[in-house]
Amino acid sequence: MNSSQDNLFAKPYKQVSDFQFDDKVAGVFNDMIRRSVPGYGQIINTIGDLAQQYAAPNTKIYDLGCSLGAATLSIRRRVEGRNCQIVAIDNSESMIERCNENLAAYVSETPVELVCGDIRDIKIENASLVVLNFTMQFLAPSDRENLLKNIYQGLVPGGLLVLSEKLYFKEDKIQSTLDDLHLDFKRANGYSELEISQKRSSLENVMKPDTLAEHEARIRAQGFEQFSVWFQCFNFASMVAIK
Ligand SMILES: Nc1ncnc2c1ncn2[C@@H]1O[C@H](C[S@+](CC[C@H]([NH3+])C(=O)[O-])CC(=O)[O-])[C@@H](O)[C@H]1O
Ligand SMILES: O=C(O)C(=O)Cc1ccccc1
């Protein structure tokens, strides 16, 4: 997978523009997400383990907001021989182009339908697994419930949703403590104070994290039978919900 070093926010900008998944970001994304999201590698591997457990024969698996295809690749290796189809969707053309190259680098009998489109517009059907790995946080808060409704109605009984998100905490000391731990994680991964603060401004209007309680309530309200956090490091978590 392409791995140029992320130095997009290294030089000072007079005005930092809103974060976009454009060609520049796509070109460094693998490095950016690994140095920015604690536990990302483990989450990707575990999505493969969950696919092995949940991918049912003759069903579809959706990777919504697939970026460079890391989750799709992890899933595809673990579901061979089940006549599953993976649908991987992203609305960034640059991501989709690179994702296509990444998928083509490995042989597989499991077809991947790669779609350049908006995850709010597609119909989910006959799904045994739906993955939203750090994607829902980029939707307008008002669009999140509809997306979950669409996912719930498209899952087969017993199907699994994996939802990974950056979290916000209502309790101010918890919020600042976990946020500080995340900043230390970024520093330890070589990001400067300038890179950290400029990226933060760039994300401010674009990424709106919910609290864990908001996620759980919204998921349960759709009818999901069971819900749990299976991973958390600082203010990043991954949840599972079973229909
Ligand atoms: N409405 C939308 N429709 C389609 N795609 C969208 C939309 N909004 C944002 N995206 C896409 O969602 C992805 C979010 S990154 C996912 C990482 C990946 N899941 C991974 O496991 O590596 C997470 C992050 O950058 O923190 C980007 O590629 C956007 O183009
Ligand atoms: O970098 C951050 O501060 C984040 O919150 C995570 C992230 C990772 C990659 C793209 C956008 C946000």
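**Entry 1: the model**

I am working from a predicted model, so everything below is computed from that model.

**Entry 2: the cavity**

I found one cavity of 30 Å³ or more. The volume of the largest cavity comes out at about 40 Å³.

Which residues line the largest cavity? I noted Asp6, Leu8 and Phe9, then Lys186, Tyr191, Glu195, Ile196 and Lys199. Sorted by class, that lining has four nonpolar and four charged residues, with no polar ones. Helix 7, residues 193-204, gives the largest share of the lining, with three residues.

**Entry 3: salt bridges, the count**

Next I went through the charged side chains. The count comes to 14 salt bridges.

**Entry 4: arginine 35 and aspartate 31**

I looked up this pair in helix 1, which covers residues 23-36. The side chains of arginine 35 and aspartate 31 form a salt bridge, at 2.7 Å from N to O. Why are the two about one helical turn apart? Because arginine 35 and aspartate 31 sit four residues apart in helix 1. Buried or exposed? I have both arginine 35 and aspartate 31 down as buried.

**Entry 5: lysine 60 and glutamate 125**

Here I found a salt bridge between the side chains of lysine 60 and glutamate 125, with N to O at 3.6 Å. This pair links distant parts of the chain, as its members are 65 residues apart. Lysine 60 belongs to strand 1 (residues 60-64), while glutamate 125 is in the loop between strand 3 (112-116) and strand 4 (127-133).

I checked accessibility for each partner. Lysine 60 has 18% relative accessibility, so it counts as buried; the cut-off for buried is under 20%. Glutamate 125 has 39%, so I list it as partly exposed.

**Entry 6: glutamate 193 and arginine 187**

I then looked up glutamate 193, which forms a salt bridge with arginine 187. Their closest N and O atoms are 2.6 Å apart. How accessible is glutamate 193? Its relative accessible area is 48%, and glutamate 193 is therefore partly exposed. Arginine 187, at 35% relative accessibility, also goes down as partly exposed.

Technical notes
Residues are numbered from 1 along each chain as its sequence is written. Chains are lettered from A and ligands numbered from 1 in the order in which they are written. This is a predicted model: local features need pLDDT of at least 70, side-chain atom pairs count only at pLDDT 80 or more; totals for chains, interfaces and linings use all residues. Side-chain values use heavy atoms; hydrogens and water are left out. On a 1 Å grid over the protein atoms alone, a cavity is a set of points where a 1.4 Å probe fits but cannot get out, and a pocket is an open set with protein on both sides within 12 Å along at least five of seven lines; lining residues have an atom within 4 Å of a point. Grid points are joined across faces, edges and corners, and a volume is the space filled by probe spheres set on the points. Ala, Val, Leu, Ile, Met, Phe, Trp, Tyr, Cys and Pro count as nonpolar, Asp, Glu, Lys and Arg as charged, and the others, Gly among them, as polar. A salt bridge is a side-chain nitrogen of Lys or Arg within 4 Å of a carboxyl oxygen of Asp or Glu. Buried means under 20% relative accessible area, exposed over 50%, partly exposed in between (1.4 Å probe, protein chains only).
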